[in-house]
Amino acid sequence: MTYRNRISLFIVVDSCIVLTAILFSSFLVNGGLETFTVPILISSVSILASHHVFSFIFRVYKKAWEYASVGEFIIIFKVVTLSILTAGILQQITLNTVYFRLLVVTWLLHMLLIGYSRFCWRVYRDHDLSKTTNKKRTLIIGAGSAGTMVARQLLKTNDAELLPVAFIDDNDKKHRLEILGVPVYGDVKNIEKAVRDLSIVNIIIAIPSLSKKRLNRIFQECAKTKAKTQILPMLEDLVTGKVSVNQFRDVEVEDLLGREPIDLDIESISEYVMDKTVLVTGAGGSIGSEICRQICHFKPGKLILLGHGENSIHAIEMELKERFGHIPIQILTEIADLKDAKKMRSVMGTYRPDVVYHAAAHKHVPLMERNPEEAVKNNIIGTKNVAEAASWSGVGIFVMISTDKAVNPTSVMGATKRLAEMVVQHMDQKSETKFVAVRFGNVLGSRGSVVPIFKKQIEKGGPVTVTHPEMVRYFMTIPEASRLVIQAGALAQGGEIFVLDMGDPVKIVDLAKNLIKLSGFSTEEIGIEFTGIRPGEKLFEELLKDDEVHEQQVYPNIYIGKTSALFLDEINEMIEVYGTLEKDVLRNMLIHMANKQVNTIPELLISASG
């Protein structure tokens, strides 16, 4: 129906309603139908004309009555009341009297019939829109304003595939009540029972203000069922109109970390990055590339992307130029090997960067166990070359990305990263450049993360392989890790090791179960297989040694470590001879040195030569 046809239909219907109300009121008041009396004629003309005038003023004919609520009926009240008042005024002017009883009864009937006509239309449309054929029975978690909004949208949209059947809410005052005709079944503990009793096939989590810990708790209850679990989009996306309320998204593993992401101190970061020259090593890697993306938001003058792999560097260069082409940032690339000290000096001398983020490193634990000499080359010698070149060229701030595996290391990778930290801390003691390290746990979605491996295994039908049922790790997202690195640069005084408060560690087997559930399968369908701890792995990771901890946070969710003993002479000696050592000897030497057991190194060398 066109807008003009709709208006015409409303005018005809409302005219019939107004005339019916007046005539029936006359019958009730006078006990007969005296149709053509002057008072009735004046009342009819004035009320009819006034009704249409005020209806246009208050836009009554533009309302979508299938979505009518209290506000629309308040408008009807205003239109009817003003129409009756206008008729009363005209009666007083033309007849010198006001027929109060006639007007009061007319007002009651007018209000009743207009309201009833709209109500009937809404009932008809509700019935038409709420056809439940082939709709998925849905449980909504959260009976607040967001949950109510979701239920209303699903009930009113005929195209929606979901049918709200019940709410779940922890507010016991809402239990056993109905909202929009949908009952509040119980609290979160009742999710499994509700799914079973009500034949639920879909669950919508509709609490925008939900903390990650609480979301994790809710999801674990949902994971006990076979229902598909989705979540309401971010509140800011709803407000800005990026998505509508019925565009739900799947729960991601990042949602279940149980820790709120850190907020950046925008002002302090802008001070040391804006209009400056920034160099990122390992810029093509998962962490390095995200640092580049985050840094571009702070508008550096130049951004140098340094890496060994030309394909990854080319990819991030093209992405940054496309995404940030509107910002006057000069994006430059350098293909270089960290082990080439001369090239590192050349790069630093050419660009004279103000800030260096050193993200390049070998990170895969099993690979470095088999190739310890390569870990030494890249993680220790490479870091030493970059750090010395940065100091020589007068870099202001140097931030090295480290790992929780550098704490009490049992692996070559962890040991070489700890020794690299020592190199950086030693450089801070003799250089005007501020050298700091940033230590964090496993990064979800990075190339070394278990998540992509688990996803591939699930895609193939399983099983998902986990090394040990009790293995736990700290986790964070790539953007979080990158923000921590950037924030550390703003906090740098020199020589610190910054650590993010990463909340509670996550069991790897629980992460695997969550990923299986998020992929739409059950643990029984995919299966989990335990393969045993790999060489160099620990069951538990730490972020700081006991002698490194400063209890006070230097920034919300960021701690700072103390400077511990540095063994630069021993590191330099090891660099001189590592190429002549057997893999096992080199591996043991690195781990002993990183754990401050330097007095045992001569014995290792003697036994190796013997």
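**Note on helix packing, salt bridges and burial**

1. The crossing of H2 and H3 is right-handed. A crossing counts as right-handed if the near helix is turned clockwise from the far one by less than a right angle, and as left-handed if anticlockwise. Helices (H or I, at least four residues) and strands (E, at least two) are DSSP runs, numbered from the N terminus.

2. Some ground rules. This is a predicted model, in which local features need pLDDT of at least 70 and side-chain atom pairs count only at pLDDT 80 or more, while totals for chains, interfaces and linings use all residues. Residues are numbered from 1 along each chain as its sequence is written, and side-chain values use heavy atoms, with hydrogens and water left out.

3. The overall picture. The chain has 22 helices and 21 strands. Of its 610 residues, 50% count as buried. Buried means under 20% relative accessible area, exposed means over 50%, and partly exposed lies in between (1.4 Å probe, protein chains only). Take the contacts between residues at least 6 apart in sequence: 76% of them join residues at least 24 apart. A contact means heavy atoms within 4.5 Å.

4. Back to H2 and H3. Two packed helices are described by the angle between their axes and the distance between the axes. Helix H2 (residues 38-57) and helix H3 (residues 70-95) pack at about 140°, and their axes are 8 Å apart. H2 is therefore oblique to H3. The axes are lines fitted to C-alpha atoms, for helices over the stretch in contact, and angles run from 0 to 180 degrees between N-to-C directions. Under 35 degrees counts as roughly parallel, over 145 as roughly antiparallel, 65 to 115 as roughly perpendicular, and the rest as oblique.

5. The residues between H2 and H3. From H2, the contact includes Val38, Ile42, Ile47 and Phe54, and from H3 it includes Val79, Leu82, Ile84 and Leu90. By class, the contact of H2 with H3 has eleven nonpolar, nine polar and no charged residues. Ala, Val, Leu, Ile, Met, Phe, Trp, Tyr, Cys and Pro count as nonpolar; Asp, Glu, Lys and Arg as charged; the others, Gly among them, as polar.

6. The axes of helix H14 (residues 372-393) and H15 come within 9 Å and cross at roughly 15°. H14 and H15 are therefore roughly parallel to each other. H14 passes H15 in a right-handed crossing. Contact residues on H14 include Lys384 and Glu388, and those on H15 include Lys417 and Met427. The contact of H14 with H15 divides into twelve nonpolar, four polar and three charged residues.

7. Arg439 and Glu421 meet through their side chains at 2.5 Å, N to O. This pair links distant parts of the chain: Arg439 is in strand S13 (residues 434-440) and Glu421 is in helix H15 (residues 412-430), 18 residues apart. Are these two buried or exposed? Arg439 is buried, at 0% relative accessible area. Glu421 is also buried, at 0%.

8. Other salt bridges. The structure holds 18 of them, each a side-chain nitrogen of Lys or Arg within 4 Å of a carboxyl oxygen of Asp or Glu. Glu317 pairs with Lys321, the closest N and O atoms being 2.9 Å apart. Both sit in helix H11 (residues 310-323), four residues apart, about one turn of the helix. Glu317 is buried at 14% relative accessibility, and Lys321 is partly exposed at 40%. Glu334 and Lys343 form another bridge at 3.9 Å, N to O. Glu334 is buried at 16%; Lys343 is partly exposed at 25%.

9. How many residues of helix H10 (residues 286-296) are buried? Eleven of the eleven are, so H10 is largely enclosed by the rest of the structure. Among them are Glu290 and Arg293. Glu290, Arg293, Glu319 and Arg323 are linked in a network of salt bridges.

10. Val165 lies in strand S2 (residues 162-168). Val165 is buried, at 14% relative accessibility. Leaving out residues up to four places away in sequence, Val165 touches Arg137, Thr138, Val182, Pro183, Leu198 and Ile200. Val165 and Ser199 are 34 residues apart in sequence and 9.4 Å apart in space, C-alpha to C-alpha.
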